[in-house]
Amino acid sequence: MTKAKNIKKEKISVATEIDHIEEQRLKCQDSLERAEFRHRREQLSDEDKQALEDEMAIMNERIQKYEKELADLRGENRRNMVLSVALFAISALFYYAFVY
């Protein structure tokens with residue numbers, strides 16, 4: 001089962017992964033904003049306040065994790081783009097040197 005999952009994950013492009021993680025981060029950020037609004041506006045018992053603060057802390061950690069993943073993926077995307085441009089430039093150089 002894990003082999004199939006790894007193979008499937010390998011076929012996903014970096015841009016698709018970036019989009020997916022950005023969606024997850026936005027959902028988590030929306031949930032955090034709703035929790036913060038609820039924390040400010042509603043009269044909550046001490047237990048409910050603590051539970052809401054714990055939930056907000058967990059969401060903040062998730063957002064930070066998503067932002068780190070996004071930074072890593074964007075770096076990988078930049079490396080792939082530079083490699084593609086370099087290969088294109090080398091191909092063009094060989095074309096003009098030997099064919100033209």
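Helices (H or I, at least four residues) and strands (E, at least two) are DSSP runs that are numbered from the N terminus. The model is predicted, so that local features need pLDDT of at least 70 and side-chain atom pairs count only at pLDDT 80 or more, while totals for chains, interfaces and linings use all residues. Residues are numbered from 1 along each chain as its sequence is written, and side-chain values use heavy atoms, with hydrogens and water left out.

**Exercise 1. Describe the overall fold, and state how many helices and strands the protein has.**

Solution. Begin with the elements: the protein has three helices and zero strands, and from the N terminus on they run α-α-α. Next, turn to burial, where buried means under 20% relative accessible area, exposed means over 50%, and partly exposed lies in between (1.4 Å probe, protein chains only). Buried residues make up 16% of the 100 residues. Finally, take the contacts, which are heavy atoms within 4.5 Å: among those with a separation of 6 or more, 74% are between residues 24 or more positions apart.

**Exercise 2. Find which residues make the nonpolar surface patch, and work out where I90 lies.**

Solution. The patch is made by I90, F94, Y95, Y96, F98 and V99, and it has about 710 Å². Such patches are made of residues with over 30% relative accessible area and no salt bridge, with like charges joined within 9 Å and nonpolar side chains (Val, Leu, Ile, Met, Phe, Trp, Tyr) within 5 Å; the areas come from the Shrake-Rupley method with a 1.4 Å probe, and for residues only the protein chains shown count as cover. I90 lies in helix 3, and I90 counts as partly exposed because its relative accessible area is 43%.

**Exercise 3. Identify the aromatic pairs, and say how the rings of each are arranged.**

Solution. Rings of Phe, Tyr and Trp (its six-membered ring) pair if their centres lie within 6.5 Å, and planes under 30 degrees apart count as stacked, over 60 as edge-to-face and the rest as tilted. By this rule the count is two aromatic pairs. F94 and F98 form a stacked pair, with 5.8 Å centre to centre and 15° between the planes. These two residues are four apart in helix 3, so about one helical turn separates F94 from F98. Y95 and Y96 form an edge-to-face pair, with 5.3 Å centre to centre and 75° between the planes. Y95 is partly exposed at 45% relative accessible area, whereas Y96 counts as exposed at 53%.

Note on methods. Salt bridge = Lys/Arg side-chain N within 4 Å of Asp/Glu carboxyl O.
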